[in-house]
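Q: I would like to learn how to read salt bridges in a protein model. Could we go through them step by step?

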Amino acid sequence: MVLACWAFLSLGATTLSSAAPLVLPRSHVEHEDASFYVFKDDIVLFPISYSIPKERVLPAVPNKTAFAINDSTRSFQYKNYQFGPLQEDEYHENLQKHRFGDTRRKGGFDCLRHYELLANGCVPILRELELLPKSILTTLPRDLLKQAKEIFSLPWEGTQDGPGGCPTADAGAYDSLASKLLDFTTAKLTTEATARYILE
């Protein structure tokens with residue numbers, strides 16, 4: 001998936017005359033400031049990831065009535081999925097009810113599920129987060145997602161029939177993290193943000 005995105009960007013460099021070059025000589029790129037992957041000594045390709053329409057991003061974290069949602073097992077062949085192709089709104093509304101949402105590698109590390117959870121104010125628990133290569137999922141807030149896994153791993157109470165509570169966590173830790181993730185999604189992970197990144 002990421003290779004396909006890089007190929008698109010390489011093509012875009014020759015077709016978007018008003019944009020900054022997307023494929024540059026290595027000597028033209030500030031190493032500390034750029035997000036890139038080097039295939040050859042003098043070629044730098046800038047990666048992109050999935051993104052989500054801004055209309056799908058909530059303005060604020062919604063009230064939670066459930067703890068965590070898991071729509072799949074470790075087996076890719078089996079899914080406990082309850083929504084049909086014409087039930088997109090119901091699917092998003094269900095995500096909004098939950099504090100946390102399970103997400104993981106499927107056909108590849110990048111997956112729209114990550115962004116759907118973030119856009120709906122549901123904190124993603126990304127399996128294998130620690131194993132992600134630096135060259136992919138470059139737009140996700142990895143530090144915040146690491147905090148999410150730490151908070152999720154704490155001893156929560158009352159999660160069987162409600163959103164639960166965590167007496168050992170700092171007061172407001174979950175709410176603060178959820179808000180930061182939603183703000184980041186609004187600023188960096190929408191389709192408009194991706195378009196700006198490409199054009200600038």
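A: A salt bridge is a side-chain nitrogen of Lys or Arg within 4 Å of a carboxyl oxygen of Asp or Glu. Side chains of opposite charge can pair when their charged atoms come close. This is a predicted model, in which local features need pLDDT of at least 70 and side-chain atom pairs count only at pLDDT 80 or more, while totals for chains, interfaces and linings use all residues. Residues are numbered from 1 along each chain as its sequence is written, and side-chain values use heavy atoms, with hydrogens and water left out.

Q: How many salt bridges does the structure hold?

A: The structure holds six salt bridges, among them the one between arginine 56 and glutamate 88, whose closest N and O atoms are 3.5 Å apart. Arginine 56 lies in the loop between strand 3 and strand 4 and glutamate 88 in helix 2 (residues 88–97), so the pair ties together parts that are 32 residues apart in sequence; helices (H or I, at least four residues) and strands (E, at least two) are DSSP runs, numbered from the N terminus.

Q: Which side chain meets aspartate 89 in a salt bridge?

A: Aspartate 89 meets arginine 56, at 3.0 Å from N to O. Shared partners in these salt bridges join Arg56, Glu88 and Asp89 into one network.

Q: What is the relative accessible area of arginine 56?

A: Arginine 56 has 24% and is partly exposed, a class that falls between buried (under 20% relative accessible area) and exposed (over 50%), with a 1.4 Å probe and protein chains only. Glutamate 88 is also partly exposed, at 44%.
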